[in-house]
Amino acid sequence: MNKSFLFVFIAFISFTLFSCSKKESTTASLDPIRELQFEVVDSIMVDVLEDLVILDYQEELDQFMMKERRGGKVLLVSGEGDVIGEVELAGEGPNQVSMILEGRFLGKDRFVFKEISANMDFHLFDRDFQKIEKIKGPAIGLNAIFISFFRQTFTAWVEDENDVILGEEVNSYNPGDADPEKIGGEFYNQVKTGFLYDLRQDSIKYLNLYPESWGPRKTTRWIGQSFPFLTVDLARKKAAILPPIGDHLFLYDFDGKSLANEISVALSHPERNQEIPDVSRENLLYPSFSDVKSFGEYQLVIFYTAVPEDVFNEFRAKGEDYRQDPEWRKAQAKYRNPHYIIVKGDQQIGVLNKLPVEGNVNLGLSDGTLIVKAADGEVERDYNLFYKLRLVEK
């Protein structure tokens, strides 16, 4: 080997090692609470009088499934905002569901809706909204019913010509069999609030959504039910689980049958520097997480700031009906403000303290888009406006 070739070879190796080292150092030193920016890249306006929310999006068809926020009508809307179909789905008719809150596309030619009932049954419809079948749901005992207009608690898809539903169900266990007063923190090892429904086999597999490395489960410390949220990225075969209380997000590989390879991601924000509270304390006094959404290769974690304890005590002293006080609603609007934490890969990459537009994060899409339902304006609303947001990469 001649000297000139040796010199070039050594220089190349040195440059390569330096570049890799510099890249690793930059990644490792990334500030997790740096303020990130999102920008509006598009918007959708649906010209109807009813207040709508988005239930799901079908990418191949470029169609949204929307629902009246407080009514029973379901609409199919094009990617440009044109209404292409609608049906009054809530009701007692043969092609209706008595009470619905959520729905999903199932492939390109069917829909599945979740009923609010003792079993939390599912209803399968064809493209013309003719009911195909009613599927017994995963609920076993009545523990709680949470109403959220901007969350999705289940995902449905077709795999190898088989229909599959994966989701959360807080009523999927009998409360008499898992009484926290008797078993304490062992509750987190016993209770399974997730389910995987194989419709071809007509079988439900229940899943424990409390992560194994979540602090309260590891130490069997009882901090309340703290039912975890679940979001699934089918395009990347990934899932994320977020317990409302704590400071970690948990990521998994999802092969269509099970959650594997748990990774714990530490979450931090200047507005979340409180210790996990005593279970007897009012939950509004703690900045609990309220949702997690996958959007492309990212996860968006949402929480609301806490109400100051002295403010809460002032209203609480007025009596049991303090929640009906208009001033209490004003206090909540003042102190309970949304903030956002963004995760990419296996680490937190930054925070967002205010959306670039006023509204609620409604849906995350696999292409990295977040869809925000615009807040009502000062003028009476006569349409529904949805913004498409993207993270500004630097």
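How much space lies in the second largest pocket? The answer is about 950 Å³, where a pocket is an open set of points on a 1 Å grid over the protein atoms alone at which a 1.4 Å probe fits, with protein on both sides within 12 Å along at least five of seven lines, and lining residues have an atom within 4 Å of a point. The volume is the space filled by probe spheres set on the points, joined across faces, edges and corners. This is a predicted model, in which local features need pLDDT of at least 70 and side-chain atom pairs count only at pLDDT 80 or more, while totals for chains, interfaces and linings use all residues. Residues are numbered from 1 along each chain as its sequence is written, and side-chain values use heavy atoms, with hydrogens and water left out.

The second largest pocket is lined by 39 residues, and closest to its centre sit Asp56, Tyr57, Arg104, Leu234 and Ser366. Strands that each supply at least two lining residues include S6 (100–106), S14 (229–233) and S22 (359–364); strands here are DSSP runs of E of at least two residues, helices runs of H or I of at least four, numbered from the N terminus. By class, the lining splits into 16 nonpolar (Ala, Val, Leu, Ile, Met, Phe, Trp, Tyr, Cys and Pro), twelve polar (the others, Gly among them) and eleven charged residues (Asp, Glu, Lys and Arg).

Now for the charged pairs. The salt bridge count comes to 22, taking a side-chain nitrogen of Lys or Arg within 4 Å of a carboxyl oxygen of Asp or Glu. Asp51 and Arg69 make one of them, at 3.8 Å from N to O. That pair ties together distant parts of the chain, 18 residues apart: Asp51 is in the loop between S1 (38–46) and S2 (52–58), and Arg69 in the loop between S3 (63–68) and S4 (73–78). Asp51 is buried at 17% relative accessible area, and Arg69 is partly exposed at 22% (buried is under 20%, exposed over 50%, partly exposed in between, with a 1.4 Å probe and protein chains only). Arg323 and Glu282 also pair up, with their closest N and O atoms 3.4 Å apart. Arg151, Glu168, Asp291 and Lys293 join in a salt-bridge network.

Arg217, in helix H4 (residues 215–219), is buried yet has no salt bridge: Glu212, the nearest side chain of opposite charge, is 4.9 Å away. Its contacts (heavy atoms within 4.5 Å) include Tyr188, Asn208 and Pro211, leaving aside residues up to four places away in sequence.

Definitions and conventions:
Lys and Arg count as positive and Asp and Glu as negative; His and the chain ends are not counted.
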